[in-house]
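Thank you all for coming. I would like to walk you through one structure this morning, beginning with a sheet and then moving on to charged pairs and aromatic rings.

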Amino acid sequence: MLDRGAAESLGSQLRRRLLEAIRSGALRSGVRLPSTRALAAQLGISRPLVVDAYAQLAAEGYLALRQGARPVVIADGSGAPITEPPPPSTGDPIRFDHRPAMPDVTLFPRKAWVSAIRTVLRDLSANDLGYGDLRGSPLLRRALADYLGRVRGVIADPSRIFITSGFAEARALVCAAFHARGIRRLAVEDPSYSDWIAVDKAGLSRIPVPVDPQGMQVEALASSDAEAAFVTPAHQFPIGGVLSAGRRQYLVRWLRDRDALALEDDYDAEFRYDQAPVGALQGLAPDRIVYAGTASKTLAPALRLGWLVVPPGFVGLMNTELRRWSEGPPRIDQDALADLIVSGGYDRHLRRMRRLYRDRRNHLLSRLEDALPGLEVEGAAAGLHVTVRLPEKIDANGETAILAALLRRGLAAEGLRRYSDTAAGPRRLFLGYGRISESGIDHSIRILSEVILGGRGHSR
């Protein structure tokens, strides 16, 4: 605290106290100090006194000042400026981000979320602030049961819904429960996700099944010894196909004939542009399919909110696994999402997102057609990315060379090699449009055409 009765001025006291804290090590290099407005309010003094004190310390080499940012301590205890090594390089700077599976987090509905949080804090009882049900907030499970039934055709009851910290935890939990049920062999799409740690750690062997524009080639399951399947029927990742009606029926028959289970990742289901969304596969076999969804794409990954709808006969195993290793996401955030869904704010936000993403997708497709008319584009009906088939002469090494050349020019994309070492067919690039503006698309497609037409890929 500052001594208002001392002969030393308040501004001089403030500068001296800050200097002593820096020299003693109490304020270490890299620490961000309060803003001038915040510190003035905290100390009950005028803001110009704080501005002058910070400016003097900056002139003496103790603070770094930058317009619009809080001051940062940059000196050690002796007062000598510290020269820190630069942070390790994370690769070439990205100017045009075309990586798939990346939503535009700047669209997060901050005002609606704050309003939902306020409603929750107003209505939440003291008892609700305890640990609660491991399966998740009753409010959110009820809201999801209604929402998923209305929007995705999911047959759900709140007692069979489990709230998770995103899809990664959901998949790990389901795989552990699969193993506890006696399942050891899991059919997976090829290509598919690059991270299989949770599946491997659960003790499950992966059986790759090829995919094409109609999704997983489920007919191959008949000759396999798989006991369960993992599918992305709404928008196969990363190729982008939608599981056809015939294959959906075949998969359901296979599940019943084999007494098998499936994990359905309802990937990108909320973002379908050219026609009404295809209903969830779970609606065809709610007794055989574990349904998984998240708010990562619709709201933001940072929320870490996901959900599972499990078959009635699978609830006991899930409860057992849940008690072993999960406490679930924060209750207040769960209830905020429930409020957003029930109030209609979630639907309104999704309508806005669809319009914006549809416009970006159309712009991307138009530019690709203008710049690279000979290349076939797949998976454009839904999701946040499209798949571009590369010319037949380009092999896996050529695909890698193209991606490296693009990155050197500030364009980040992904290729088939990341998601499969065995997938047959042409090489592919996956171009996301979730986090790039239309003007950015103009620049990036010009770069892409120059790299591909310039022969930067390795030919057979």
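This is a predicted model: local features need pLDDT of at least 70, side-chain atom pairs count only at pLDDT 80 or more; totals for chains, interfaces and linings use all residues.

Let me start with an open sheet of four strands, which are arranged in the order 12-13-16-15 with antiparallel pairing; strands here are DSSP runs of E with at least two residues, helices are runs of H or I with at least four residues, and both are numbered from the N terminus. Two strands count as paired if DSSP finds at least two bridges between them. Strand 12 (377-378) and strand 15 (414-415) stand at the edges with a single partner strand each, so one side of each has no neighbour in the sheet. Strand 12 pairs with strand 13 (residues 385-389) in the antiparallel sense, over two bridges, and valine 377 has valine 388 in strand 13 as its bridge partner.

Residues are numbered from 1 along each chain as its sequence is written, and side-chain values use heavy atoms, with hydrogens and water left out.

Now, which helix lies across strand 12, strand 13 and strand 16? That is helix 11 (residues 345-371), which runs at about 15 degrees to strand 13, where axes are lines fitted to C-alpha atoms, for helices over the stretch in contact (heavy atoms within 4.5 Å), and angles run from 0 to 180 degrees between N-to-C directions.

Helix 11 also brings us to the aromatic rings, because tyrosine 346 in helix 11 links with tyrosine 147 in helix 5 (residues 138-152), 199 residues apart. The two ring centres are 5.4 Å apart and the planes lie at 75 degrees, so the pair is edge-to-face. For rings of Phe, Tyr and Trp (its six-membered ring), a pair needs centres within 6.5 Å, and planes under 30 degrees apart count as stacked, over 60 as edge-to-face and the rest as tilted. Tyrosine 147 is buried at 5% relative accessibility, as is tyrosine 346 at 2%; buried means under 20% relative accessible area, exposed over 50%, and partly exposed in between, with a 1.4 Å probe and protein chains only. The structure holds 14 aromatic pairs, and one aromatic cluster is formed by Phe167, Tyr193, Trp196, Phe230, Phe237, Tyr267, Tyr419 and Phe430.

Turning to the charged side chains, how many salt bridges does a search of the whole structure find? The search finds 29, a salt bridge being a side-chain nitrogen of Lys or Arg within 4 Å of a carboxyl oxygen of Asp or Glu.

Aspartate 268 and lysine 297 meet in a salt bridge at 3.2 Å, N to O. Aspartate 268 lies in the loop between strand 9 (261-265) and strand 10 (289-294), and lysine 297 in the loop between strand 10 and strand 11 (306-309), so the pair ties together parts 29 residues apart in sequence. Both residues, aspartate 268 and lysine 297, are buried.

Glutamate 399 forms a salt bridge with arginine 427, with the closest N and O atoms 3.1 Å apart. This pair links distant parts of the chain, glutamate 399 being in helix 12 (residues 396-408) and arginine 427 in the loop between helix 13 (416-419) and strand 16 (428-432). Glutamate 399 is buried at 1% relative accessibility, and arginine 427 is buried at 10%.

Finally, a network of salt bridges links Glu376, Glu378, Arg389 and Arg428.
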